[in-house]
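Here is a friendly briefing to read alongside the picture. Take a moment to turn the model around, then work through the topics below.

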Amino acid sequence: MVVKNSTPQLEQHIQCIKFTIFCLNTVMWIFGGAMFGLCLWLRFEPVFQDWIMFLDMYEFYIGIYVLMATSVFVIIIAFIGCGAALMEHIMGLFAHVGLQLFCFICGLAGAGVVLDYSTYDSQIQPIIYRSMIHLISNSQHDKAADILKMIQENVGCCGADGPMDYVRMLKPLPNECRDTVTGNAFFHGCVEEISWFLEARSGWLAGLALSLCMLHVILAVLTLTLIRAIKKEEESVTFKH
């Protein structure tokens, strides 16, 4: 016969940690679902798709794909963590810690890549600049002119760095480069404006990913604490014949 001589305080401690892990895994599952939905929106939103295609900045999707895959792992790991904690399965809990660390690394890397290809003064700006200069140099063609019109009208910008891009390339300044109210040319170029546009949206995704990274660390520490408490409880078990 196996009798547990663990103190009520230890048992209460274990139950408290299990409940906390369960709640945090639920929060993590919600955050993971939100991150997956946000990744889908950024990937398939029509305006984003058009700008990515027209400006040839597919590097923007790299971080989106990483975080999309990470969010799927997060959702699965949340269920594993709840089950392992409730069953007090030692190997399952160790696996849960390892998976938390894996998702932490993936989330941190994904957030870094997203910010590196979507913020002001990031690697996305030279890509946008190159594409805008190419479009301006070919603005005599209908396709390039239509793309420039769509971008400059919707964003409220002119040229790559400003109206002087047209002057330097001996191109006429199009009407969409001018404010419809004042008639003045837009001061900011499309490189800056598009960078700010992307940053405002990708910032939410990166913030969500970093919040999940913090949750991964907290859950990993709590899970290790639970493992230690369970082992301590097992050591207090005595066998009676």
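**The nonpolar core**

The largest nonpolar core in this predicted model holds 64 residues, and those with the most contacts inside it are Met57, Ile64, Met132, Ile151, Ile194 and Leu205. A nonpolar core is a set of buried Ala, Val, Leu, Ile, Met, Phe, Trp, Tyr and Cys residues joined through side-chain atoms within 4.5 Å. Two or more residues come from each of α1 (8–44), α2 (46–55), α3, α4 (90–116), α5 (124–137), α6 (142–155) and α8. The largest share, 16 residues, is given by α8.

A word on the ground rules: residues are numbered from 1 along each chain as its sequence is written, and side-chain values use heavy atoms, with hydrogens and water left out. Because the model is predicted, local features need pLDDT of at least 70 and side-chain atom pairs count only at pLDDT 80 or more, while totals for chains, interfaces and linings use all residues.

**Around the core**

- Leaving aside neighbours within four places in sequence, Met57 is in contact (heavy atoms within 4.5 Å) with Trp51, Ile52, Ile124, Ile127, Ile128, Ile194 and Leu198.
- Ala200 is found in helix α8, which covers residues 190–235.
- Ala200 counts as partly exposed, at 42% relative accessibility; here buried means under 20% relative accessible area, exposed over 50%, and partly exposed in between, using a 1.4 Å probe and protein chains only.
- The C-alpha atoms of Ala200 and Thr119 are separated by 8.3 Å, although these residues are 81 apart along the chain.

**The chain as a whole**

- The chain has eight helices and two strands; helices (H or I, at least four residues) and strands (E, at least two) are DSSP runs, numbered from the N terminus.
- Reading from the N terminus, the order of elements is β-α-α-α-α-α-α-α-α-β.
- The C-alpha trace spans about 100 × 30 × 25 Å along its principal axes.
- The radius of gyration of the chain is 26 Å, whereas a compact globule of 241 residues would have one near 18 Å; the value is taken over C-alpha atoms, and the globule rule is 2.2 Å times the number of residues to the power 0.38.
- Of the 241 residues, 44% are buried.
- Among contacts between residues at least 6 apart in sequence, 77% join residues at least 24 apart.

**Salt bridges**

- The structure holds two salt bridges, each defined as a side-chain nitrogen of Lys or Arg within 4 Å of a carboxyl oxygen of Asp or Glu.
- In one of them, Glu88 pairs with Lys18, and the closest N and O atoms are 3.1 Å apart.
- This pair links distant parts of the chain, with Glu88 in the loop between α3 and α4 and Lys18 in helix α1, 70 residues apart.
- Glu88 is partly exposed at 21% relative accessible area, whereas Lys18 is buried at 9%.
- Asp165 and Arg168 also form a salt bridge, at 2.2 Å from N to O.
- Asp165 and Arg168 lie about one helical turn apart because they are three residues apart in helix α7 (residues 164–168).
- Which of the pair is buried? Asp165 is, with a relative accessible area of 2%, while Arg168 is exposed at 54%.
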